[in-house]
Amino acid sequence: MSGAIVSTEQLSCSYREGRVLEEVSFQVERGDYVGIVGPNGSGKSTLIKALLGLVTISSGSASLFGTSLTGFRDWHKVGYLPQSLHLVNPVFPATVRETVGLGLLSLKRFPKRLNRDDNDKISIILEELGIYDLEHKLIGELSGGQLQRVLLARAIVNDPELLVLDEPTAALDPETRGRFYAMIADINRTRGVTVLLVTHDSGAIGEHASKMLYLDKKILFYGSFDEFCCSPEMSSLFGEHSQHLMCHRH
Amino acid sequence: MNLLEILSYGFIQRALLAGTLIALLCSVLGVFLVLRRLSLIGDGLAHVTFGSTAIALALKFYSVMSLLVTMPIVLLASLGILKLTEKGRLSGDTAIGLVSALGISAGIILASVGGGYNVDLLSFLFGNILSIRSEEVVIAALLCLGVMLMLTLYYHELFAISFSDELAQVSGIRTSFINSILVLLTALSVVLAMKLVGIMLISSLLIVPAAGALQLARGFKVCIFLAALQGCSSVLIGIIISIMSNLPASASIVMVNLLFFAAACVIRRLIYPSRSN
């Protein structure tokens, strides 16, 4: 358990309308790329939010980097990218450079200040993601794909060891979505960043993710894609056709 | 009376100095409040200030001494709004409405029990910056210094929570602590602003400069600078117009502020036609 980047034990969460997650236990190892899939209302986003301390856990436990969530302080090790459309106020007056700079705050002590080195880091990440020419644009002036790359830059500018993405491509067209997934896969391969990605796009994620977690309040499957695609249990659960659809791009 | 003559009077110098300091505070805080959709907190706290001023006057605390009563009550009310929002399953505007209703009704009852609206209470309702005393200017300057220091120290945290509470939290920022700082600083500024524009118009000092700056700003720091510029200019121009035209200072300040806002909207349409839809 101590070597796991993410670990949950019998984790349950409830909202007013009832239980959303039931006794979820799993571990994510360093360097894994885990795709979390499942139908609407299956608790995918709640699981992510519970792991980040954004929703209250009703029972069970969760830990990051071997530390229980309640005592976890190393937030600079975590990068988070939520669904951008829900996040950004279109009239917010921040430039792309200012927005990406927010990602460095987790590394700073009080009083938090950004210095010249930080500005260099921002420039490098903007270059890497191909958005340097947008640095002075306001975030409200960006297209969906550009905004997603800016928020990704914000999430990885502090060199996190774990990158958590919650349906980051929901508002993107298929072509931009494909490029985005490839970018995440590249970050996972070249930087060794552990990735936890919530998506509806189970087929596309098969191309890149090393593991798949199928959630419907409980974990129905957690393992490699090969295991998923060869699993007779999954065939009987989803039907062979659906299983084939999920697996054909893997 | 020409401008130089006007500026030579001590009471006008005091009004301009205190007014500029208070406008600076309110306009900078206003940017954070507007972006966090807490714009109307100024109104709510102003109504609590009315109630607490009625208590102060009933207890025979006049002028500067009234701050000893109003300040703690308004600070507590600001935290109450925050707690109602966080724990009471209420949206920000509903929590503000509840606290606001409590403040204004308590004020009306106390004023009625105390023999009706006296001159002091009316001056708090509509503001009377030209009657500001030297000790009130000193208090305004000290509080302004304190609030600006806190804003400087917590600038990045305030920027982060204004952008997104969720992202700020995952960056290790204690969002409820920073939210508390924001509403407490707002409460202090509202109590100060009461003398400048009165309880009825306080929220305009918080909202209008921020709304104007948002039309033109290309960057968060630029937005804060533009809001401060609009807020301070409105106070200076508004006070001078009020003296030259024998109009109420509070309403003149707010009208100038609104004219700046309208001008900012027109300029935006001319400079950035693509952002105007």
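1. A buried strand in chain A. A:Leu162, A:Val164 and A:Asp166 point one way from strand E7(A), while A:Leu163 and A:Leu165 point the other way, and all of them are buried. E7(A) is thus a mostly covered strand, with 5 of its 5 residues buried. Please keep in mind that this is a predicted model. Note that an aspartate, A:Asp166, is among the buried residues of E7(A).

2. The next strand, E8(A). Strand E8 covers residues 194-198 of chain A, and 5 of its 5 residues are buried. Both of its faces are covered. A:Thr194, A:Leu196 and A:Val198 lie on one side. A:Val195 and A:Leu197 lie on the other.

3. How E7(A) and E8(A) pair. Strand E7 spans residues 162-166 of chain A and runs parallel to E8(A), with 5 bridges between them. Two of the partner pairs can be checked by eye. A:Val164 has A:Leu196 as its bridge partner in E8(A). A:Asp166 has A:Val198 as its partner in E8(A).

4. How does the chain cross from E7(A) to E8(A), and with what handedness? It goes through helix H6, residues 174-191 of chain A, and this β-α-β crossover is right-handed.

5. Neighbours further out. On E8(A), strand E3 (residues 33-37 of chain A) is joined by 4 bridges, and the two run parallel. Here A:Val34 stands opposite A:Leu196. A:Ile36 has A:Leu213 as its bridge partner in E9(A). Strand E6(A) runs parallel to E7(A), with 4 bridges. In that pair, A:Leu81 stands opposite A:Leu165.6. The sheet as a whole. These strands belong to an open sheet of 6 strands in chain A, with the order E6-E7-E8-E3-E9-E10 and mixed pairing. Strands E6 (78-81) and E10 (218-224) stand at the edges, each with a single partner strand, so one side of each lacks a neighbour in the sheet. Direction ignored, neighbouring strands are turned by 15 degrees against each other on average.

6. A second sheet in chain A. Which strands form it, and in what order? It is an open sheet of 4 strands, in the order E2-E1-E4-E5, with antiparallel pairing. E2 (18-28) and E5 of chain A stand at the edges. Each has a single partner strand, so one side of each is left without a neighbour in the sheet. Strand E1 (residues 6-15) is joined to E4(A) by 5 bridges, and the two run antiparallel. A:Ser7 stands opposite A:Ser63 in E4(A).

7. A helix over that sheet. Helix H1 (residues 44-51 of chain A) lies across E1, E2 and E4 of chain A. Its direction is at about 120 degrees to E1(A).

8. A cis peptide bond. The bond joining A:Phe110 and A:Pro111 is cis, with omega about -10 degrees. A:Pro111 sits in the loop between helix H3 (96-101) and helix H4 (116-128) of chain A.

9. A:Phe65 has phi near 55 degrees. This residue lies in the loop between strand E4 (59-64) and strand E5 (67-68) of chain A. B:Asn246 also has phi near 55 degrees. Its loop runs between helix H12 (220-245) and helix H13 (249-271) of chain B.

10. Surroundings of those two residues. Is each one buried or exposed? A:Phe65 is at 15% relative accessibility, so it counts as buried, the cut-off being under 20%. B:Asn246 has a relative accessible area of 72% and is exposed.

11. Helix packing in chain B. Helix H3 (residues 41-58) and helix H11 (residues 202-216) of chain B have axes that come within 8 Å and cross at roughly 165 degrees. They are therefore roughly antiparallel to each other. The crossing is right-handed. Where do they meet? B:Gly42, B:Asp43 and B:Ala46 of H3(B) meet B:Ile202, B:Ser203 and B:Leu206 of H11(B).

12. An enclosed helix in chain B. Helix H8 covers residues 155-163 of chain B, and 9 of its 9 residues are buried, so the rest of the structure largely encloses it. The buried residues include B:His156, B:Glu157 and B:Ser162. B:Tyr155, B:Leu158, B:Phe159, B:Ala160, B:Ile161 and B:Phe163 are buried as well.

Note on methods: Residues are numbered from 1 along each chain as its sequence is written. Chains are lettered from A and ligands numbered from 1 in the order in which they are written. This is a predicted model: local features need pLDDT of at least 70, side-chain atom pairs count only at pLDDT 80 or more; totals for chains, interfaces and linings use all residues. Side-chain values use heavy atoms; hydrogens and water are left out. Buried means under 20% relative accessible area, exposed over 50%, partly exposed in between (1.4 Å probe, protein chains only). Two strands pair if DSSP finds at least two bridges between them. A crossover is right-handed if, with the strands pointing away from the viewer, the path from the first strand over the helix to the second runs clockwise. Axes are lines fitted to C-alpha atoms, for helices over the stretch in contact, and angles run from 0 to 180 degrees between N-to-C directions. Angles under 35 degrees count as roughly parallel, over 145 as roughly antiparallel, 65 to 115 as roughly perpendicular and the rest as oblique. A crossing is left-handed if the near helix is turned anticlockwise from the far one by less than a right angle, and right-handed if clockwise. Contact means heavy atoms within 4.5 Å.
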